[in-house]
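Open the structure in your viewer and keep the sequence panel beside it. We will go from one selection to the next.

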Amino acid sequence: MSHHPRRDDEFATWLKAQRDEHPKSTWHWVALDELLDDYRLHADTGTPLDRDACEGHPT
């Protein structure tokens, strides 16, 4: 079963909170920010998390 993320869902909110606990430009913040961006891209394109998401083109 694949998970269909939604922007600002419980996981996205949690991930953003984890990111915001670290100062910007630290490797922790950057890594969490990249994960959040990827999650949001999946949400915006309607791509399940077990599939690759391309900007505007779910696979």
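What covers the buried residues of helix 1? Helix 2 is part of that cover. Keep in mind that this is a predicted model.

**Whole chain**

Start with a cartoon view. The chain has 2 helices and 2 strands. From the N terminus on, they run α-α-β-β. Of the 59 residues, 31% are buried. Among contacts with a separation of 6 or more, 39% come from residues 24 or more positions apart.

**Helix 1**

Select residues 10–20, which make up helix 1. Show the side chains of Ala12, Leu15 and Arg19, which are buried. They span an arc of only 65° around the axis, so they sit on the same side of helix 1. An α-helix has 3.6 residues a turn, so residues three or four places apart point the same way.

Next, go to the N-terminal end of helix 1, where Asp9 is the cap. One of its side-chain oxygens lies 3.3 Å from the backbone nitrogen of Phe11.

**Aromatic cluster**

The structure holds 2 aromatic pairs.

**Salt bridges**

Side chains of opposite charge can pair when their charged atoms come close. How many salt bridges does the structure hold? There are 4.

Select Arg19 again. Is it buried or exposed? With 10% relative accessibility, under the 20% cut-off, Arg19 counts as buried. Its side chain meets that of Asp20 in a salt bridge of 2.9 Å, N to O. Asp20 is partly exposed at 40% relative accessibility.

Shared partners join Lys16, Arg19, Asp20 and Asp33 into one salt-bridge network. Asp33 is buried, at 16% relative accessibility.

Move to Arg7 and Asp44. Their closest N and O atoms are 2.8 Å apart, in another salt bridge. Arg7 lies in the segment before helix 1 and Asp44 in helix 2, so the pair links parts 37 residues apart in sequence. Arg7 is partly exposed, at 43% relative accessibility.

**Last stop: helix 2**

Select residues 27–45 and find His28 in this helix. His28 is partly exposed, with a relative accessible area of 32%. Then pick Gln18, 10 residues away along the chain. The C-alpha atoms of His28 and Gln18 are separated by 9.2 Å.

Notes. Residues are numbered from 1 along each chain as its sequence is written. This is a predicted model: local features need pLDDT of at least 70, side-chain atom pairs count only at pLDDT 80 or more; totals for chains, interfaces and linings use all residues. Side-chain values use heavy atoms; hydrogens and water are left out. Helices (H or I, at least four residues) and strands (E, at least two) are DSSP runs, numbered from the N terminus. Buried means under 20% relative accessible area, exposed over 50%, partly exposed in between (1.4 Å probe, protein chains only). Contact means heavy atoms within 4.5 Å. Rings of Phe, Tyr and Trp (its six-membered ring) pair if their centres lie within 6.5 Å; planes under 30 degrees apart count as stacked, over 60 as edge-to-face and the rest as tilted. The arc is that of the directions from the helix axis to the C-beta atoms. A polar contact is a pair of N or O atoms within 3.5 Å; within protein, one must be able to donate a hydrogen and the other to accept it, and residues adjacent in sequence count only if both atoms are side-chain atoms.
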